[in-house]
Amino acid sequence: MTSHENTRLRLDTRLRTLTVVRTEQVTPHMRRVVLGGAELAGFHSPGCDDHIKLFFPNRQGEMVLPVVTAEGPRYPEGQDPSPARDYTPRWWNPEAGELAIDFVLHGDAGVAGPWAERAQPGDTLVVGGPRGSFVLADDYDGYVLIGDETALPAMARWIDALPEQAQVMAFIEVAEEAERQPLPQYENVSIQWLERNGVGAAHSSLLENVLTDLEPPEGDVFYWIATESRRARRMRRFLEDHLQVPRDWIRSTGYWKADPEDSDGD
């Protein structure tokens with residue numbers, strides 16, 4: 001069995017206060033917010049599925065940020081902390097000094113979506129990280145990408161970055177056909193869209209069904225999975241237990257949780 005050297009990088013973490021430059025409606029329920037500002041200088045995201053921490057105004061409309069200590073982040077006592085959420089950068093342009101974040105909109109639910117829906121040029125947001133990066137080996141024979149709409153920013157980056165000599169298969173689950181969005185097109189990449197059409201994202205089995213019936217590329221294949229936490233874990237177990245895929249050839253992450261008490265995937 002071939003050994004493939006996936007690596008993990010540790011990066012210097014810092015908080016950056018950035019300003020909304022513009023917004024774009026990518027699909028009916030996906031909004032892109034482009035951020036800029038002098039503090040973006042030096043930003044680096046070497047991993048396609050890097051997570052950055054976004055800090056939003058608290059209930060009083062204030063930014064109350066943590067101080068990084070040896071024991072971890074600490075917030076000022078007696079103040080309402082700024083809520084924070086993890087997101088993957090869609091792209092960043094060092095020359096233009098811009099960073100794009102894509103937000104899935106769910107109406108008034110949550111913190112990030114409502115903020116993104118109201119965001120206007122001049123609004124501020126604090127960004128931390130990425131703290132570390134997963135750098136995937138480029139010598140697999142094939143790559144299978146599996147995810148829902150929350151995975152689309154990372155999925156697009158993977159499609160752009162994966163080696164052209166490998167076969168790449170991407171399976172993307174979205175709410176409906178209108179949520180499809182333009183993705184990079186390459187001869188070695190096949191993309192299949194799956195629409196839930198009214199079925200809740202936590203209860204869908206479209207991706208699981210694809211995985212069960214999948215005819216993967218020949219040779220050594222790496223699997224990347226990003227969806228609801230429990231679904232991601234189930235698909236990892238299927239790959240390990242039923243298809244005998246080595247654990248190091250799978251990266252499975254819960255990008256969101258239907259149950260707040262649930263734990264993330266790998």
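Mentor: Start with Asn 197, in the loop between β14 (189–195) and α3 (206–213). Strands (E, at least two residues) and helices (H or I, at least four) are DSSP runs numbered from the N terminus. This is a predicted model, where local features need pLDDT of at least 70, side-chain atom pairs count only at pLDDT 80 or more, and totals for chains, interfaces and linings use all residues. Residues are numbered from 1 along each chain as its sequence is written, and side-chain values use heavy atoms, with hydrogens and water left out.

Trainee: What's the phi of Asn 197?

Mentor: Positive, about 50°, although Asn 197 is not a glycine.

Trainee: Is Asn 197 buried or exposed?

Mentor: Exposed, at 58% relative accessible area. The cut-offs, with a 1.4 Å probe and protein chains only, are under 20% for buried, over 50% for exposed, and partly exposed in between.

Trainee: And Gln 244, where does that lie?

Mentor: In the loop between α4 (229–241) and β16 (250–256).

Trainee: Switching to peptide bonds. Which one is cis?

Mentor: Gly 129 to Pro 130, with omega near 5°. Pro 130 is in the loop between β10 (124–128) and β11.
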